Amino acid sequence: MQRSPAFYFVYIPIAMMLLFVFGLAIILMATGTQFVATPVPATPADIVYEEGKGRLKGKIILEDGSPNTEKVQLSYDSKRFTGTSTSSYSATGPRVTDSFDLEVQSGETYLMAISSNSAPAWLGPLENHADGLIDDLVIVLKKGVPLDISLTDEKGNPVIDANVTGFPIINNEGGSHNPFKATQAGVYRIENVNELTYKIFVEADGFEPTSFKVEKPDTVGLYKKELVKASPTTGTVIGADNQPVANAKFLLYVRAMNVGGNSSGTHGWSGKEIGVTDEQGKFVLDELIADHEHSGIIEAPDKRRVPFANLTAGSTGLVFEMPPLRTLHGRITGDFAQLHERYFNELKEKRPYVKVDQEFTYSYGSSNHSNTVHDYIPLDQQAAEATFACPGIFSEKVEVLIGPYRVEFNPNDYASQGDLLLEFNLETGEKTVSSYKAPANLSEQEN
């Protein structure tokens with residue numbers, strides 16, 4: 001019988017290949033070896049997330065399956081991949097008990113649950129799409145074990161009254177700082193940790209602030225840390241009249257590591273108090289870190305302000321001069337319904353307000369940077385106008401948020417050296433800036 005060419009060149013090779021695979025499978029099974037199919041996971045860039053929010057919905061239960069009854073703090077981290085760029089979002093959500101229903105920025109999402117009575121729990125990564133809904137989520141809370149941090153000085157003496165905080169790291173991201181409680185002299189505890197790595201932050205008077213990671217804290221029990229004595233930085237704050245300024249606060253905004261003249265790692269705050277002057281205007285800053293540059297502002301009780309930059313540990317004899325007090329006054333007319341309101345603790349009431357942003361510049365390493373001081377000023381609203389006064393104008397870049405408007409100043413607005421007056425019409429959006437002249441007497445002010 002005559003065979004076709006396909007018999008020799010197609011069917012026979014296929015049959016031989018099948019016999020080879022079958023024989024190889026018999027050999028591998030005899031030796032206990034298994035075939036493992038390894039799927040190629042989709043990289044984040046393969047998933048397209050449109051801008052917007054998705055909805056995450058589910059329940060929170062205990063390890064035995066019963067509903068949770070204690071308050072749990074939710075938070076999330078979401079990364080949205082678009083081409084070659086990535087947008088990251090982090091937010092603290094509501095405090096809930098046995099269920100949750102929240103909107104989250106779209107992207108690859110991790111949902112975290114932190115409770116004082118349970119170890120940290122999380123879900124993720126979740127494929128969270130804009131206008132999407134994931135409604136079958138379940139967070140299971142489990143008990144953890146305590147982690148103790150023992151703090152000592154270089155002689156082994158316990159460090160008391162330290163401020164110790166930390167958070168678990170989930171998907172290389174942190175969260176809100178959770179306080180540790182002192183259990184004995186120099187020992188600080190947080191309950192219910194699990195296998196997640198913790199980032200710990202320590203501050204204590206007279207010592208350099210420090211941070212460190214504790215891996216597998218559920219197996220550690222007691223972690224020992226020796227603190228480094230700080231080198232005090234000293235000096236004096238005076239006014240333009242050469243008189244000492246008492247009770248002036250040093251407010252830290254940025255701490256940058258300086259290695260060989262280059263910046264290597266920074267940490268930022270929104271005005272953390274690190275020291276205050278005495279009645280003679282003298283200050284001692286004993287929490288600065290060696291090999292770091294510290295930048296921020298000095299603020300007097302009357303709101304005079306001046307920036308400081310590149311402040312280092314161990315510096316002595318420093319002198320900072322505060323400028324004369326400069327106040328921005330405002331007079332607003334028009335449709336007051338456009339104004340926004342907020343609650344002011346000092347007034348014990350909700351009031352319409354303006355927000356004054358002042359940008360100041362500083363440098364660390366070999367580059368220049370900027371930060372912003374925010375002031376929320378309540379308005380005194382009359383029938384025809386609303387007025388305000390914001391003391392402490394020190395920057396040449398000032399913006400005032402009035403309802404839906406952002407009012408920007410320009411260099412010409414700073415031609416004078418004294419107080420300024422901003423007049424703004426909410427109906428037309430028009431502004432004028434001029435030198436402020438205080439009313440001579442009460443009758444003039446009323447007119």
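Two residues are said to be in contact when their heavy atoms lie within 4.5 Å. With that in mind, welcome to this structure. It is a predicted model, in which local features need pLDDT of at least 70, side-chain atom pairs count only at pLDDT 80 or more, and totals for chains, interfaces and linings use all residues. Residues are numbered from 1 along each chain as its sequence is written, and side-chain values use heavy atoms, with hydrogens and water left out.

Let us start with the whole protein. It has two helices and 32 strands; these are DSSP runs, helices (H or I) of at least four residues and strands (E) of at least two, numbered from the N terminus. Among the 447 residues, 38% count as buried, that is, under 20% relative accessible area, while exposed means over 50% and partly exposed lies in between (1.4 Å probe, protein chains only). Of the contacts with a separation of 6 or more, 63% join residues 24 or more positions apart.

Next comes the largest nonpolar core, which holds 22 residues. Such a core is a set of buried Ala, Val, Leu, Ile, Met, Phe, Trp, Tyr and Cys residues joined through side-chain atoms within 4.5 Å. L328, I332, V354, V400 and I402 touch the most other members.

| Element | Residues |
|---|---|
| β23 | 327–333 |
| β25 | 349–364 |
| β28 | 386–391 |
| β29 | 397–402 |
| β31 | 420–425 |

What is L328 in contact with, leaving aside its neighbours within four places in sequence? The partners are F388, A389, C390, I393, V400, F409, L420 and L422. In soluble globular proteins, nonpolar side chains tend to be buried together.

Elsewhere, three strands make an open sheet with mixed pairing, in the order β4-β1-β7. Two strands pair if DSSP finds at least two bridges between them. β4 (99–105) and β7 (133–141) are at the edges with a single partner strand each, so one side of each has no neighbour in the sheet. From one strand to the next, the twist averages 30 degrees. Seven bridges link β1 (residues 53–62) to β7 in the parallel sense, and I60 has I139 of β7 as its bridge partner.

Finally, look at S75, which sits in strand β2 (residues 72–82). S75 counts as buried because its relative accessibility is 16%. Beyond residues up to four places away in sequence, S75 touches A91, T92, G93, Y110, L111 and M112. R95 is 20 residues from S75 in sequence, with 9.3 Å between their C-alpha atoms.

How values were computed:
Axes are lines fitted to C-alpha atoms, for helices over the stretch in contact, and angles run from 0 to 180 degrees between N-to-C directions.
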